[in-house]
Structures are given as C-alpha cells and as structure tokens.
Amino acid sequence: LVAYGPGTETTVSHPWRTGDALDRGAQFSKDHSRAVFASSHAGREQLWITGADGQDPAPLTRTDFEYVEMPRFSPDGTTVVFAAYRKGHFGLWTVDVASGREAPVGPDEDDPRAPSFSRNGHWLYFSAITKGGRRQLFRRAWPIGAAPEQVTQEGGFAAIESSDGELLYFVRPDRRGLWRRSPTPGGDDTLVTPELAPIDWRNWDVTRDAVWFVMRPAGDATLARF
C-alpha cells in the first residue's frame, strides 16, 4: 500500500506481509485515523483495518469469503460496507468496526457491487443487475431503510458524488467513459470524458477540484486529471 498526500509519498508496510499477499482497495476513515483494505493474506480473502500509519494491522472480517472488494467507511466511521463473493454470487455486507459483527445487506438485489456513500451520509449507492440483464446504479437510504431506488436507465457500475453532492459521477460496465448525472432517479446522463476504460472502473476518484482517473492511451496506465 502506498499513501499519497500533498508533496508526499509513503509506503505503508505490514510486518506480516508476504510475497503471496495482495493488499488493495484501501480507504481512510473520514477523520483519517484508520484505513481499511482488502487482502489475500494467508490465502484468505478478508478485510483488514489499521491505523493511518499502517501499524498494527488486524483482520476486520472472518467469514469465509471467496473474494472481497471496495470497502467503504460509513460517514460516522462505525461501519464498513463492502462487496463480497460467496456461494456463487456477489452481495453487499456490513461489518461493525468495534465488534467485528458482520451482516449481509438485504433484501438481496442481483449481484450487488461497488458500494459508495453520498457526501451527506444519507444514501448508499451500489450497482446491481436488473431484470433486463443490465447493470444499473441504485441508491438506498442509510442507515439501511426503505427499498432501493434505481438511479440510472442506460447502465452504471461504480459511482462517486461530487464534493458538494450536486452531481453523481459514474462509470459503465459496457462502454468507455466517465459520466455524470443527477444523484436522484430520472434525468439524463452526460459524458465527461471518453478516456476511462471499463477495466479501470475502480481506478478513479472525485476530489474538490478535479476527477482523477487512470487512462491507457497506448496500453500503459497513466494518471489523468479532469
């Protein structure tokens, strides 16, 4: 894991790290005191949690998952929402940071993935496959409440709100490009840039002043700023 800041680059090392482990998908809590990440350490797919300095990593989940991805701290930092592949399909799960108590997020949508939170903490976005066989973006109230609302109609995979919460940036699983639209259901999608490839659906983020993403103009990955 490598942490970047203004003018800095810090390698976050783990004393238990082996050449066979793959650490990925790290996210800091809102107060930057902790980081959560997915790891295949010891041959098991689990979430791990550590201090912001990377010291004293500890397993956060213990269920026998086949694959875990996209851990996201809740706005208050007490819960992590993530996608996990288990028993033949993906599902969304929550884990309580203090107790380690895990629970699936229900009712079950078809193959839900890529969770993210709205800036105001009132909504949880995710992607799921609809009856028409197409992956679309949904949102549901947080803490988990009413049934999900479908946000997109033309396809969507991973979404991140703008810093003011007025726009929803997202990528599609079946075509190139970074898109944006209203965070609420209805309305049109607008193409922001065609340079983001579907393979990089996880490799982008929205900050206050720009969208950072990976593009591959000649096959090699390049960090780009919009």
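User: Is Phe65 buried or exposed?

Analyst: This is a predicted model, and the values discussed here are computed from it. The relative accessibility of Phe65 is 4%. A residue counts as buried under 20%, so the class of Phe65 is buried.

User: With which ring does Phe65 form a pair whose centres are 5.1 Å apart?

Analyst: A pair of aromatic rings is described by the distance of the centres and the angle of the planes. For the pair in question the planes stand at 85°, so it is edge-to-face. The ring that lies 5.1 Å from that of Phe65, centre to centre, belongs to Trp93.

User: How many residues apart in sequence are the parts that Phe65 and Trp93 tie together?

Analyst: Phe65 is in the loop between β6 and β7. Trp93 belongs to strand β9, residues 89-96, and is buried, with a relative accessible area of 13%. The pair therefore ties together parts whose separation in sequence is 28 residues.

User: What is the geometry of the pair formed by Phe65 and Phe82?

Analyst: The structure holds 7 aromatic pairs. In the pair of Phe65 and Phe82, the ring centres are 5.6 Å apart and the planes meet at 85°. Planes over 60 degrees apart count as edge-to-face, so this pair is edge-to-face.

User: Where in the chain is Phe82, and which cluster includes this residue?

Analyst: Phe82 sits in strand β8, residues 79-86, and is 17 residues from Phe65. At 0% relative accessibility, Phe82 counts as buried. Ring pairs link it into a cluster made up of Phe65, Phe82 and Trp93.

User: How many helices and strands does the protein chain have?

Analyst: Several of the elements named above are strands, among them β8 and β9. For the protein chain as a whole, the count is 0 helices and 21 strands.

User: Why is the protein chain described as being as compact as a globular protein of its length?

Analyst: The globule rule gives 17 Å for 226 residues. The C-alpha atoms fill a box of roughly 50 × 40 × 30 Å along the principal axes. The chain is as compact as a globular protein of that length because its radius of gyration is close to the rule's value, at 17 Å.

User: What percentage of the residues in the protein chain is buried?

Analyst: The protein chain exposes about 11,700 Å², of which carbon and sulfur atoms supply 50%. Buried residues are those under 20% relative accessible area. Among the 226 residues, their share is 48%.

User: How far apart are the mean positions of the positive and negative charges?

Analyst: The protein chain carries 26 positive and 30 negative charges. Taking the mean position of each group, the separation is 2 Å.

User: In which strand does Ser127 lie, and is this residue buried or exposed?

Analyst: Ser127 belongs to strand β12, which covers residues 123-129. Beyond residues up to four places away in sequence, Ser127 touches several others, including Asp111, Arg135 and Phe157. Its relative accessibility is 0%, so Ser127 counts as buried.

User: What is the phi of Asp111, one of the residues that Ser127 touches?

Analyst: Asp111 is placed in the loop between β10 (102-104) and β11 (113-117). With 18% relative accessibility, Asp111 counts as buried. Most residues other than glycine have a negative phi. Asp111 has a positive value instead, near 60°.

User: Is Asp56, which also has a positive phi, buried or exposed?

Analyst: Asp56 lies in the loop between β5 and β6. Its phi is near 55°. At 69% relative accessibility, and with over 50% counting as exposed, Asp56 is exposed.

User: How far apart are the C-alpha atoms of Ser40 and Asp23?

Analyst: Ser40 is in the loop between β4 (34-39) and β5 (46-51). At 15% relative accessibility, Ser40 counts as buried. Asp23 is 17 residues away along the chain, and the two C-alpha atoms are separated by 6.9 Å.

Definitions and conventions. Residues numbered from 1 in each chain as written. Predicted model: local features only at pLDDT ≥ 70, side-chain atom pairs only at ≥ 80, totals over all residues. Heavy atoms only, no water. Helix = DSSP H or I, 4+ residues; strand = E, 2+ residues; numbered from the N terminus. Rg over C-alpha atoms; globule rule 2.2 N^0.38 Å. Buried < 20%, exposed > 50% of the residue type's maximum accessible area, 1.4 Å probe, protein only. Areas by Shrake-Rupley, 256 points an atom, 1.4 Å probe, with all protein chains shown as cover. Lys, Arg positive; Asp, Glu negative; His and termini not counted. Charge placed at Lys NZ, Arg CZ, Asp CG, Glu CD. Phe/Tyr/Trp six-rings, centres within 6.5 Å; stacked < 30°, edge-to-face > 60°. Contact = heavy atoms within 4.5 Å.
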